Amino acid sequence: MDTSLIDDKETYISVKANFKSCLFVNTLLQYTVCKEKEEIRDDYAYFEIEDRFKIAISKEELEKIKKEIPNVEYIISPFLLLYNLFLKDKNEKALWILNQKSFVTVSVFKEGSAFFSRQIKKDEEFRYDEFVKEIIKEFYKSECCYFLEEILIFDAEDFDEDELKKIYEKTLLETKYKKIDLKSELEKLCKEDKFLKYAVKIEKDGVSIPNWIKISIVFIFLFLGGLDIYFRYKNSLLQSQIVEIQNEKISLQKNIEELTKKIALLKSIVPIVQDIKSSNSLIKSNIKNIFELVPDKIVLKRAEFNKKSLVLEGFTPSKREYFKLEKSLKSFYQIRDVKFEKKSGKYLFLSINKEAKVNNGR
């Protein structure tokens, strides 16, 4: 909590616990009132503690806090803190002292009521032994006084041990000392609703929002924030999956394009293959037919078959025997050229046969 607007920072100590904002106020403009004493002042606000006593705080002080520290919900008086410490052992024959750096709070409790209390601010000449001595004298002068048996000091600062000896020498009362963590004690008070109902609640202008609604709003925001993070995470996963799917789609499209090209190429090759098969079949048929036409007396040395030509080389016992073969070749080839060479009583022949070229459409 920002306390920069307050002049004396030691006067105001802010704490927060369980979404509640509390302010410990050391102002001198406060005191306690016994149940028997109905002392009422118009310039003070009164807050009843367990139907036993009241804590009075200046209205002017409350307005100042309300104006300068607007986030405060509860004001905790040092008298309430001292009363909380008293409830732990309820020693009514002791002088209860809360020691701070700049302030001292004193109370004596009887029948659960703080019927004698003082709030003091230390000055440069402050001496603990003299202070305690004077406070005890003042107590003995008050109504319903009785003899005190011990002094209980709760120290929120570094208390000088020599002071304890001096206090005992001045008062001859057993003096007990206990170190406390003021901030921790205040946080405990701020957490416990049973004590906060005795604290001074600052009434805000306009509509006051209950704490349970504030807590609910915080949890709703946390829940919605968690949902937002979850959906952002899921959305991120979906986006990455979409990117992967798009990349796979592009890869598939490229594969489809390549396959389409291969299919088109295969389609263009199929007629050629079929033509080759057809030509091979025709050549095979022609080869078979021609070999069947070769007379038994002719021996072939070489036979070259092309698509539209035939070359034969071999031996024939006579030219007449060869012309029998040539007569048979007329049905296949229209252009023929043959050469003979006589060797060892036989004729070596070279026959070149071609199909005639036909114009007008072929």
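**Exercise 1. Find which strands helix H8 lies across, and how H8 runs relative to S15.**

Step 1. Locate helix H8 at residues 319-329; helices here are DSSP runs of H or I with at least four residues, strands are E runs of at least two, and both are numbered from the N terminus.

Step 2. H8 lies across S14, S15 and S16, where contact means heavy atoms within 4.5 Å.

Step 3. H8 runs at about 165° to S15; angles go from 0 to 180 degrees between N-to-C directions, with axes fitted to C-alpha atoms, for helices over the stretch in contact.

A word on the model: it is predicted, so local features need pLDDT of at least 70 and side-chain atom pairs pLDDT 80 or more, while totals for chains, interfaces and linings use all residues. Residues are numbered from 1 along each chain as its sequence is written, and side-chain values use heavy atoms, without hydrogens and water.

**Exercise 2. Work out the strand order of the open sheet.**

Step 1. The four strands follow the order S13-S14-S16-S15, with antiparallel pairing; two strands pair if DSSP finds at least two bridges between them.

Step 2. S13 (299-305) and S15 (335-343) are the edges, each pairing on one side only.

Step 3. From one strand to the next, the twist averages 10°.

Step 4. Eight bridges join S14 (residues 309-316) to S16 (residues 346-354), and Leu312 has Ser351 in S16 as its bridge partner.

**Exercise 3. Describe how H3 and H4 pack.**

Step 1. Helix H3 (residues 128-141) and helix H4 (residues 161-171) pack at about 35°, with axes 8 Å apart.

Step 2. Among the residues that meet are Val132 and Ile136 in H3 and Ile167 in H4.
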